[in-house]
Amino acid sequence: MEISTPLMQDSKKVLLLGSGELGKEIVIEAQRMGIETVAVDRYDMAPAMHVAHRKYVIDMLNGEAVKSIIKRENPDAIITEIEAIDTEALIDLEDSGYKIVPNANAVKICMNRIDLRRTAAEKVRLPTTKYGFAENEEEAKKICKDVGFPCLIKPEMSSSGHGHVLVSKEEDVENGYRESISHARGKGRRVIVEEYVKIDTELTVLTYRYPTESGIKMNTFSPIEHKRPSYFYVESWQPSTVDDKTIQLAKDYALKIVEELGGVGVFGVEIIKSGDRVLFSEVSPRPHDTGMVTMASQNISEFQVHVRSAIGLPTPQVDIVSPAASHVILAQTSKWNPKFINIDKALNIPGVQIRLFGKPYSYEHRRMGVVLATGKDTNEAIERARKASSIILVG
Ligand SMILES: Nc1ncnc2c1ncn2[C@@H]1O[C@H](COP(=O)(O)OP(=O)(O)O)[C@@H](O)[C@H]1O
Ligand SMILES: [Mg+2]
């Protein structure tokens, strides 16, 4: 395979649908390899737009808009960086010969909690929490009773914990159901109800499919571990401290679901450990936010592997080079042109690096950056990352 020169005839080109912080790192890795990059998002000055060759601001839920940009750019690979994209447009584009990463059907399944749970639990037969589906208050009551209290109601389509409602008794189900669907993406009324389990720890098994001369191969990274104070990611570390049996099971589930989803690129398979149960939770058909730690812990990051797979290049092996941790930098308020204070103090801690995403405005709890830290072991790395992120203020 050849790579020509960006911005010239026969350049290799990737187009990102979604230009957030993960997209920014994907673009940086593509740039390093001499690949032309195009960043698309619904708002201007999104993180990946700062580093891409070109950008477009469109409504990605509008299939005509998505198609017209892609047909104009004619990229070698289209990387879906977020869930809120018109998936029918992706299917049409794939049918007419465009390469969607990982593939249009995987993107469609993974953005939908009901389709994904059916695929994982009923088709691939992975162990999951007890669950049921509902599309009105009455059904929700029945399903919550079947699943048992407490249970968690999640909209069919949402991300980052939006619309997760914990319900502890029958009288709260109606309100819980309404609250949940009010946070759904689009007008969907369907929800998944899951048994609420006590989480001891969580893993992300980054699993990737890459092309070789003898066909597609699969591999996993060493699992990343994360504990969450709420439903969204705050800190992660690698290597994980869980026992070998859990790691083996987690990797086994990850390979099975990713094999079923197919295509090429990195997938973030989320696994929950609760007592002696190891459960498949969900999967992102793209690099994972908890995987930002791989920029410090591995010789090849999740972003580099994704780019290579997308354009048809192999990554036979990835190694951990140091224990490392990541910790998010969140905004406290809404503000255009936010400032980051005490960066100098944070960088005074050995082993600490900082990534500021360049988002043009903040709002409460918006992720604005991440601290990466290495250490002699994961505990030291976690402590360093926590300390650095606690020093940095966004204002
Ligand atoms: N059934 C459950 N019981 C307890 N906690 C859960 C359950 N499902 C999800 N969670 C917690 O909520 C987080 C977000 O849930 P997830 O299904 O991954 O949604 P999202 O797509 O928003 O990331 C998980 O990482 C986990 O910490
Ligand atoms: Mg998740």
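Glu-270 counts as buried, with a relative accessibility of 10%; buried here means under 20% relative accessible area, exposed means over 50%, and partly exposed lies in between (1.4 Å probe, protein chains only). Glu-282, at 23%, is partly exposed. Both residues belong to the metal site of this predicted model.

A word on conventions before going further. The model is predicted, so local features need pLDDT of at least 70 and side-chain atom pairs count only at pLDDT 80 or more, while totals for chains, interfaces and linings use all residues. Residues are numbered from 1 along each chain as its sequence is written, chains are lettered from A and ligands numbered from 1 in the order in which they are written, and side-chain values use heavy atoms, with hydrogens and water left out.

**The magnesium site**

The magnesium ion (ligand 2) is coordinated by Glu-270 (OE), Glu-270 (OE) and Glu-282 (OE), at 2.0 to 2.6 Å. Glu-270 sits in strand β14 (residues 265–274) and Glu-282 in strand β15 (residues 277–284), so the pair ties together parts that are 12 residues apart in sequence. Donors are N, O and S atoms within 2.8 Å of the metal (3.2 Å for Na, K and Ca), and water is not among the atoms, so sites may look incomplete. Helices (H or I, at least four residues) and strands (E, at least two) are DSSP runs numbered from the N terminus.

Ser-281 also lies in strand β15, and is buried, with a relative accessible area of 15%. Leaving out residues up to four places away in sequence, Ser-281 touches Arg-117, Glu-270, Ile-271 and Ile-272, where contact means heavy atoms within 4.5 Å.

**Domains and cores**

The chain is divided into domain 1 (13–101), domain 2 (130–195) and domain 3 (201–394), with bounds that come from an automatic or database domain assignment. Taken over C-alpha atoms, the centres of domain 2 and domain 3 are separated by 28 Å.

Where does the largest nonpolar core lie? The core has 41 residues, and those with the most contacts inside it are Val-14, Ile-79, Tyr-208, Met-292 and Val-305. Domain 1 (13–101) and domain 3 (201–394) both give residues to this core, so it lies between them. Elements giving two or more residues include β1 (13–17), α1 (21–32), β10 (201–212) and β21 (367–374), and α10 gives the most, with five residues. A nonpolar core is a set of buried Ala, Val, Leu, Ile, Met, Phe, Trp, Tyr and Cys residues joined through side-chain atoms within 4.5 Å. Apart from this core lies another, of 23 residues, among them Ile-109, Val-242, Ile-271 and Phe-280.

Thr-201 is found in strand β10 and is buried, with a relative accessible area of 5%. The side chain of Thr-201 makes a polar contact with that of Glu-225 (2.6 Å). A polar contact is a pair of N or O atoms within 3.5 Å; within protein, one must be able to donate a hydrogen and the other to accept it, and residues adjacent in sequence count only if both atoms are side-chain atoms. Beyond residues up to four places away in sequence, the neighbours of Thr-201 include Val-242, Ile-271 and Lys-273.

**Helices α5 and α6**

Each of these helices has a capping residue at its N-terminal end, as tabulated here.

| Helix | Capping residue | Side-chain oxygen to backbone nitrogen |
|---|---|---|
| α5 (113–123) | Asn-112 | 2.9 Å, to Ile-114 |
| α6 (137–147) | Asn-136 | 3.2 Å, to Glu-138 |

In α6, Glu-137, Ala-140, Ile-143, Cys-144 and Val-147 are buried. Seen down the axis of α6, these fall within an arc of 120 degrees, so they line one face of the helix; the arc is that of the directions from the helix axis to the C-beta atoms. On the other side, Glu-138, Lys-142 and Lys-145 are exposed. The cover over the buried residues of α6 includes β6 (131–134), β7 (151–155), α7 (173–182) and β9 (191–195). Gly-148 follows α6 with a positive phi, near 100 degrees.

Helix α7 holds Asn-175, which is exposed at 54% relative accessible area.

Among the buried residues of α5 are Arg-113, Leu-116 and Arg-117. Their cover includes α4 (104–110), α8 (244–261) and β15. Just after α5, Arg-125 takes a positive phi of about 60 degrees.
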